[in-house]
Every structure is written in C-alpha cells, then in structure tokens.
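User: Hi! I am new to protein structures and would like to learn how to read a few features. Could you walk me through this one?

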Amino acid sequence: MSMSTASNWLWNWGIGYATPYLVKTGPGNAGLEVKVFFIWGSTCLGCLLFTYFFIPETKGLSLEQVDELYNDGVKPWRSTHWVPESHHWVEERRKSSIANIERAQHSMDTTIGENGEKKNASDVV
C-alpha cells in the first residue's frame, strides 16, 4: 500500500470519526452545529494558499523539463509562464520540419516538361 493511500484512509477516518462530536449538541460534544464550516472552510483556504505558493504547475512538461524548472528556481506562482529551454529547441525543429515538408510538397507539384520548362503537376495530363 502506498503512503498516499494510507494517509488518505487515515485522514478520512479521522474526519468521519470527529465530525459527529463536533456537530452534535449535548454533554461530551462540541455543539458547533453549522459553525463546523469554519473549521473545514479554513482548512480548504489553507490548502488553496499552500497550493498557490508552494506547488509549481507542471502540466505538459516532461520529467527533464520539470527538473529544469526546479533547477531554474522558478517561483510556483510564476511557473505557468515559464518556458523550458528545451521547448525552444523543439519549436525550432518543428518549424524546420514544416518548412521541409512544404518544400517537398512544392517540388512534387512541379515537374519538368519535355523542353526543360517547369510545369505544375495539374497542367500535365
């Protein structure tokens, strides 16, 4: 069993066990009733702040790019605008490949006629 699964089960059990005592009124109970929202709401707000300030966005990045992100020391709240250097290389390679494909397509569209003149493939019947 992984640590994350064990932690999830433990916290779910703890919350499920404690909530009735927090909500119910009477002796031995906290009697918070609907005010228990402030406990759970502040916990959610804390999680939101923690996520924003401490967890960088890594969507669409390879493991090597995530390593580069951490090595560059990018602040988590600025990680959505960070572009890895390897991305620039990939983009240049993609543009080069598209240009090569277009040149090949253009050369296929033109043929050399009997007297050495270039003709479009659509003109040749």
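User: Is Leu49 buried, partly exposed or exposed, and what is its relative accessible area?

Analyst: Let's begin with the idea. Buried means under 20% relative accessible area, exposed means over 50%, and partly exposed lies in between (1.4 Å probe, protein chains only). Leu49 is partly exposed, with a value of 42%. Do keep in mind that this is a predicted model: local features need pLDDT of at least 70, side-chain atom pairs count only at pLDDT 80 or more, and totals for chains, interfaces and linings use all residues. Residues are numbered from 1 along each chain as its sequence is written, and side-chain values use heavy atoms, with hydrogens and water left out.

User: In which helix is Leu49 found?

Analyst: Helices (H or I, at least four residues) and strands (E, at least two) are DSSP runs, numbered from the N terminus. Leu49 belongs to helix H2, residues 37-54. The chain has four helices and two strands, in the order α-α-α-α-β-β from the N terminus on.

User: Which residues of H3 are buried, and which are exposed on the other side?

Analyst: Here is the general idea: an α-helix has 3.6 residues a turn, so residues three or four places apart point the same way. In H3, Gln65, Val66, Glu68 and Leu69 are buried. Seen down the axis of H3, these buried residues fall within an arc of 155° (taken from the directions from the helix axis to the C-beta atoms), so they line one face of the helix. Leu63, Glu64, Tyr70 and Asn71 are exposed on the other side of H3.

User: What is Glu68 in contact with, leaving aside its neighbours within four places in sequence?

Analyst: Contact means heavy atoms within 4.5 Å. With those neighbours left aside, Glu68 is in contact with Trp82, Pro84, Glu85 and Ser86. Glu68 lies in H3, residues 63-72, and counts as buried because its relative accessible area is 18%.

User: How many disulfides does a search of the whole structure find?

Analyst: A disulfide is a covalent bond between the sulfur atoms of two cysteines. The search looks for a pair of cysteine sulfur atoms within 2.5 Å, and it finds zero disulfides in the whole structure. Cys44 is in no disulfide, and the nearest cysteine sulfur, that of Cys47, is 6.2 Å away.
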